[in-house]
Amino acid sequence: EKGGYEHFMLKEIFEQPKSVKDSMRGRINAHKGHILLGGLREYINKLTQAQRIIILGCGTSWHAGLVAEYVFEELARIPVEVEYASEFRYRNPIINEGDVVIAISQSGETADTLAAIELAKSKGAIIFGVCNVVGSSIPRATHAGAYTHAGPEIGVASTKAFTAQVTVLTMMAIVVAKTKGTISDSLYRELLYALEAIPDQIQKTLNNHSQIKYISSIFRDARNFLYLGRGYNFPVALEGALKLKEISYIHAEGYPAAEMKHGPIALIDEEMPVVFIATQDSSYEKVVSNIQEVRARKGRVIAVVTEGDKLIKQMAEFVIEIPATHEALVPLLSVIPLQLLSYYIAVMRGCNVDQPRNLAKSVTVE
Ligand code: F6R
């Protein structure tokens with residue numbers, strides 16, 4: 001059942017070329033310039049005409065929502081707020097006409113997310129679901145939605161569900177942007193081709209697994225980790241830190257790289273590994289300066305970089321390369337090495353990666 005892999009988590013990490021492809025299957029055709037999410041059709045106007053999008057989720061699904069915030073705002077020019085479902089539901093939230101909600105959940109059973117949906121619905125919002133488990137409670141409570149087709153996720157730590165969520169949310173943003181005319185035809189085409197290339201690029205990233213395993217062996221006894229990224233990679237930093245915490249029990253924090261100097265920099269010494277997600281995008285130069293600041297304080301830098309990067313190779317102790325893609329799609333690739341890093345470190349520490357202590361696969365109580 002684990003398909004020859006030692007753990008479900010590893011199997012699911014390695015399934016991502018397929019699960020991302022499955023999430024796009026029949027929905028996108030770059031050559032023909034088509035993209036279609038059938039489950040949204042009836043309510044698509046609500047989404048394209050939305051004055052504001054409120055995204056709800058918990059944990060890793062909330063991180064996928066943060067990526068979607070950047071994508072929707074950049075491409076579709078709709079203001080987005082991403083809320084923890086558990087906070088939203090107890091805050092007497094303001095829902096105006098023209099607001100739509102997107103609820104994200106792998107299991108479709110998370111109690112806080114379900115309660116937040118019911119509350120938003122009672123205030124008149126139209127709710128879209130992005131869920132993995134077909135027929136679960138959340139898809140039944142929403143007006144419309146698009147399933148992720150990641151297949152069953154057994155490992156408690158969410159991996160392939162995250163990349164499938166980001167894939168589907170990105171497709172939703174592209175559909176809206178195309179309809180609204182907020183992206184050019186050439187950018188539209190470019191994004192579709194870039195999306196279609198992602199599964200092979202994930203495979204290429206996975207092929208680096210032995211290098212990531214080696215890096216893991218160097219840092220397996222670390223007591224803390226910092227993860228830093230900017231822009232589209234900021235949510236990836238949060239996700240990398242969450243993965244490490246939950247399966248290896250190493251304390252880790254994710255931050256937007258520029259926030260480092262507002263506090264976390266005080267933690268940096270020769271014992272602090274800092275994982276930078278430093279791909280060649282619009283914040284590249286700024287992240288390079290952040291790496292220099294960490295080096296100056298003897299922090300140990302592991303950097304996820306764009307293939308062929310030479311500058312960071314001279315500065316970081318370790319670099320992990322990922323293929324180049326459109327900036328908005330980078331999280332689909334940059335998260336992969338971080339999943340593997342947390343997996344190998346947890347295994348080397350003797351942790352039960354598929355069933356970490358104190359955690360349940362779906363949180364059906366608040
Ligand atoms: C992290 C993880 C959790 C879930 C969260 C939401 O690896 O698995 O943080 O992401 O409990 O679960 P769903 O997506 O099922 O609503």
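Mentor: Buried means under 20% relative accessible area, exposed means over 50%, and partly exposed lies in between, with a 1.4 Å probe and protein chains only.

Trainee: What kind of model is this, and how are residues numbered?

Mentor: This is a predicted model, with residues numbered from 1 along each chain as its sequence is written. Local features need pLDDT of at least 70, side-chain atom pairs count only at pLDDT 80 or more, totals for chains, interfaces and linings use all residues, and side-chain values use heavy atoms, with hydrogens and water left out.

Trainee: Back to strand 10. How many of its residues are buried?

Mentor: Five of the five, residues 273-277, so strand 10 is largely enclosed by the rest of the structure.

Trainee: And what counts as a strand?

Mentor: Strands are DSSP runs of E, at least two residues. Helices are runs of H or I, at least four residues. Both are numbered from the N terminus.

Trainee: Which strands pair with strand 10?

Mentor: Strand 8 does, in the parallel sense over four bridges. Strand 11 (residues 300-306) does too, in the parallel sense over five bridges. Two strands pair if DSSP finds at least two bridges between them.

Trainee: What holds paired strands together in a sheet?

Mentor: Strands of a sheet pair through backbone hydrogen bonds, either parallel or antiparallel.

Trainee: What about strand 8? Is it enclosed or open?

Mentor: Largely enclosed by the rest of the structure, because five of its six residues (224-229) are buried. Strand 8 also pairs with strand 9 (residues 251-256), in the parallel sense over six bridges. There, Y227 stands opposite G254.

Trainee: New topic. What is the order of the strands in the open sheet?

Mentor: Five strands form it, in the order 4-3-5-6-7, and the pairing is parallel. The edge strands are strand 4 (80-84) and strand 7 (144-145), and each pairs on one side only.

Trainee: How many bridges join strands 5 and 6?

Mentor: Six, in the parallel sense, between strand 5 (residues 99-105) and strand 6 (residues 126-131). V101 has I127 in strand 6 as its bridge partner.

Trainee: What does S105 touch?

Mentor: Leaving aside neighbours within four places in sequence, S105 is in contact with S61, T110, V130, C131, N132, I138 and Q165. Contact means heavy atoms within 4.5 Å. As for P139, it is 34 residues from S105 in sequence and 9.2 Å away in space, C-alpha to C-alpha.

Trainee: How far is A144 from A68?

Mentor: They are 76 residues apart in sequence and 18 Å apart in space, C-alpha to C-alpha.

Trainee: Where do N92 and N358 sit?

Mentor: N92 lies in the loop between helix 5 (85-88) and strand 5. N358 is in the segment after helix 14 (331-348).

Trainee: Buried or exposed?

Mentor: N92 counts as exposed, at 60% relative accessibility. N358 counts as exposed as well, at 78%.

Trainee: Last one: zoom out. How many helices and strands are in the chain?

Mentor: There are 14 helices and 12 strands. Of the 366 residues, 59% count as buried. The C-alpha trace spans about 55 × 45 × 45 Å along its principal axes. Among contacts with a separation of 6 or more, 76% come from residues 24 or more positions apart.
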